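Dear colleague,

I am passing on the structure below, together with notes on what turned up when I went through it. Please read the notes with the coordinates open beside you.

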Amino acid sequence: MNGLNKQQVFSFEQAILLMNYGEDHRVYKETSIHEHSSRSHTIFRVYMESWPRGNVHHKKYSMLNLVDLAGSERLNEFDCKTDHLGETGHINKSLFVLSNVINKLAEGKSVHIPYRDSKLTRIL
């Protein structure tokens, strides 16, 4: 994945510093709809390892995904004349695939869930 980084932290404060670093390096562009539009999805994945004091043989593992999705954009005449067209199409496609996966899961009837139809749904 582009821009993927793995970092070990030992405190809440260190995790917040990493989140702030990621936010500071996120890509934003002005569009015809939004002055400050995020042009990328961001996933902050936290793996946690814990164990009772003095007993490292009973470790528990957890994973938490904090996801901030780029907003979907409507294509209009302005966007079609700029470099936003391809980027906007990719963002909208990944959001469509994610909504498709969520809908299939919510139905509870589907035999096939299309997790692998986009990088975003594959990760999540």
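Glu 49 has a relative accessibility of 42% and therefore counts as partly exposed, since that class covers the range between under 20%, which is buried, and over 50%, which is exposed. Please keep in mind throughout that this is a predicted model. The partner of Glu 49 is Lys 59, with which it forms a salt bridge whose closest N and O atoms are 3.2 Å apart. The pair links distant parts of the chain, as Glu 49 belongs to strand E3 (42-50) while Lys 59, 10 residues apart from it, sits in the loop between strand E3 and strand E4 (60-68). Lys 59 is likewise partly exposed, its relative accessible area being 34%. A search of the whole structure finds 1 salt bridge.

On the surface there is also a nonpolar patch, formed by Met 19, Met 48, Leu 64 and Leu 66, which together have about 310 Å² of accessible area. Of these residues, Met 19 is placed in helix H1, which spans residues 12-24. Met 19 has a relative accessibility of 33%, so it counts as partly exposed; membership of a patch calls for over 30% relative accessible area.

The side chain of Ser 94 reaches the backbone oxygen of Ile 91 at a distance of 3.0 Å.

The protein chain has 124 residues, of which 18% are buried. It exposes about 9900 Å², with carbon and sulfur atoms supplying 55% of that area. Where contacts join residues at least 6 apart in sequence, 43% of them connect residues at least 24 apart.

Terms used: Residues are numbered from 1 along each chain as its sequence is written. This is a predicted model: local features need pLDDT of at least 70, side-chain atom pairs count only at pLDDT 80 or more; totals for chains, interfaces and linings use all residues. Side-chain values use heavy atoms; hydrogens and water are left out. Patches are made of residues with over 30% relative accessible area and no salt bridge: like charges are joined within 9 Å, nonpolar side chains (Val, Leu, Ile, Met, Phe, Trp, Tyr) within 5 Å. Accessible areas come from the Shrake-Rupley method with a 1.4 Å probe; for residues, only the protein chains shown count as cover. A salt bridge is a side-chain nitrogen of Lys or Arg within 4 Å of a carboxyl oxygen of Asp or Glu. Helices (H or I, at least four residues) and strands (E, at least two) are DSSP runs, numbered from the N terminus. Buried means under 20% relative accessible area, exposed over 50%, partly exposed in between (1.4 Å probe, protein chains only). A polar contact is a pair of N or O atoms within 3.5 Å; within protein, one must be able to donate a hydrogen and the other to accept it, and residues adjacent in sequence count only if both atoms are side-chain atoms. Contact means heavy atoms within 4.5 Å.
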